Amino acid sequence: MNMRIPILKLYDTLIVSIQWELDDRTALQFQEDLMEKLHETEASGVLIDLTAIDFIDSFIAKVIGDVIQMSSLMGAKVVITGIQPAVAITLIELGIRLEGVLTALDLENGLDKLHKELED
Amino acid sequence: MNERSSVEIYTEWDVVAARQLGRDEAKSIGFGTVDQARITTAISELARNIYLYAGTGKIEIRRLHDGVKKGMMIISSDNGPGIPDVRKVMEDGFTTSGGLGAGMPGVQRLVDEFKIETEVGVGTTITAIKWLR
């Protein structure tokens with residue numbers, strides 16, 4: 001049952017596309033894998049695409065928030081892309097604020113945003 | 001007429017099973033994608049609360065047909081420690097598990113009707129209803 005989320009490297013950016021519903025263990029494994037990959041590749045940006053995710057509960061939101069903080073400690077910036085309308089609505093109703101998180105509608109805009117951030 | 005199905009909560013995998021059951025039911029009742037997300041999220045929070053605070057319990061899903069209205073009832077029940085101060089857990093931002101769990105006010109906002117019955121040392125039953133619009 002322990003499925004690992006693939007982390008791809010594209011130049012100085014790590015790209016992650018979450019394609020199936022995250023259970024607790026997969027989510028925590030992903031945190032570890034991403035930190036190790038950041039360390040190993042010295043990437044300066046991370047793009048996490050959530051297009052295929054149809055709901056986010058407080059646990060997954062916390063994991064994503066933690067990943068952003070951890071990446072920051074590792075010197076990398078994170079952009080979240082592809083948040084679905086239903087996910088945006090339920091997150092806010094649930095009372096979860098992902099403050100200061102860089103987001104973009106899709107992968108293309110996400111990469112642009114990340115590169116602009118990294119140039120500053 | 002009520003049709004019911006349920007998932008017993010023992011492990012974190014059962015949290016996944018409960019929300020999958022809820023999502024499938026919501027879809028087949030005819031809820032749209034936003035309501036499906038609300039229902040799935042609400043069940044996930046309720047099931048996680050059972051897992052975190054009570055250890056074990058049950059998530060039960062019932063289909064409601066109330067005359068012209070159709071809907072879904074989610075019943076979360078456990079024989080855990082109970083909630084000593086319900087008013088406090090209904091305050092936004094209150095959580096005893098250190099940031100995990102958005103809390104009951106968040107779940108209440110996702111559904112149309114919400115009720116907590118709890119007794120210290122006996123357990124907690126939370127009933128939530130979402131009506132098809």
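Which residues line the largest cavity? The model is predicted: local features need pLDDT of at least 70, side-chain atom pairs count only at pLDDT 80 or more, and totals for chains, interfaces and linings use all residues. Residues are numbered from 1 along each chain as its sequence is written, chains are lettered from A and ligands numbered from 1 in the order in which they are written, and side-chain values use heavy atoms, with hydrogens and water left out.

**View 1. The largest cavity and its lining in chain A.** Ile18(A), Leu22(A), Phe30(A), Ile48(A), Val63(A), Ile64(A) and Val67(A) form the lining. The structure holds 1 cavity of 30 Å³ or more. The volume of the largest cavity is about 30 Å³. A cavity is a set of points, on a 1 Å grid over the protein atoms alone, where a 1.4 Å probe fits but cannot get out; lining residues have an atom within 4 Å of a point. Grid points are joined across faces, edges and corners, and the volume is the space filled by probe spheres set on the points. Helix H2 (residues 58-73) of chain A gives the largest share of this lining, 3 residues. By class, the lining has 7 nonpolar residues, no polar and no charged. Nonpolar covers Ala, Val, Leu, Ile, Met, Phe, Trp, Tyr, Cys and Pro; charged covers Asp, Glu, Lys and Arg; the others, Gly among them, are polar.

**View 2. Chain A and its annotated domain.** Chain A has 4 helices and 5 strands. Helices (H or I, at least four residues) and strands (E, at least two) are DSSP runs, numbered from the N terminus. The order from the N terminus is β-β-α-β-α-β-α-β-α. An unreviewed UniProt entry carries the annotation "domain: STAS" for residues 3-114 of chain A. UniProt positions follow the numbering used here, feature names are shortened, and annotations may be inferred rather than shown by experiment. Residues 3-114 of chain A are 46% helix and 20% strand. The end C-alpha atoms of that stretch are 27 Å apart. The C-alpha atoms of chain A fill a box of roughly 35 × 35 × 20 Å along the principal axes. Buried residues make up 50% of the 120 residues in chain A. Buried means under 20% relative accessible area, exposed over 50%, partly exposed in between (1.4 Å probe, protein chains only).

**View 3. Asp24(A) in helix H1.** Asp24(A) lies in helix H1 (residues 24-41) of chain A. Asp24(A) is buried, with a relative accessible area of 6%. Asp24(A) touches Phe59(A), Glu12(B) and Arg48(B), leaving aside residues up to four places away in sequence. Contact means heavy atoms within 4.5 Å.

**View 4. Pro6(A) before strand S1.** Pro6(A) sits in the segment before strand S1 (7-10) of chain A. Its relative accessible area is 45%, so Pro6(A) is partly exposed. Beyond residues up to four places away in sequence, Pro6(A) touches Ile15(A), Val16(A) and Trp20(A). Pro6(A) and Ser17(A) are 11 residues apart in sequence and 7.6 Å apart in space, C-alpha to C-alpha.

View 5. Tyr11(A) is in the loop between S1 and strand S2 (13-17) of chain A. Tyr11(A) is exposed, at 71% relative accessible area. Glu42(A) is in the loop between H1 and strand S3 (45-49) of chain A. Glu42(A) counts as exposed, at 68% relative accessibility.

**View 6. Chain B, the partner that supplies Glu12(B) and Arg48(B) to the contacts of Asp24(A).** Chain B has 4 helices and 5 strands. From the N terminus on, they run β-α-α-β-β-α-α-β-β. The C-alpha atoms of chain B fill a box of roughly 40 × 25 × 25 Å, taken along the principal axes. Of the 133 residues of chain B, 51% count as buried. Among contacts in chain B between residues at least 6 apart in sequence, 62% join residues at least 24 apart.

Notes
1 Å grid on protein atoms, 1.4 Å probe; cavity = no way out; pocket = protein on both sides within 12 Å on 5 of 7 lines; lining within 4 Å.
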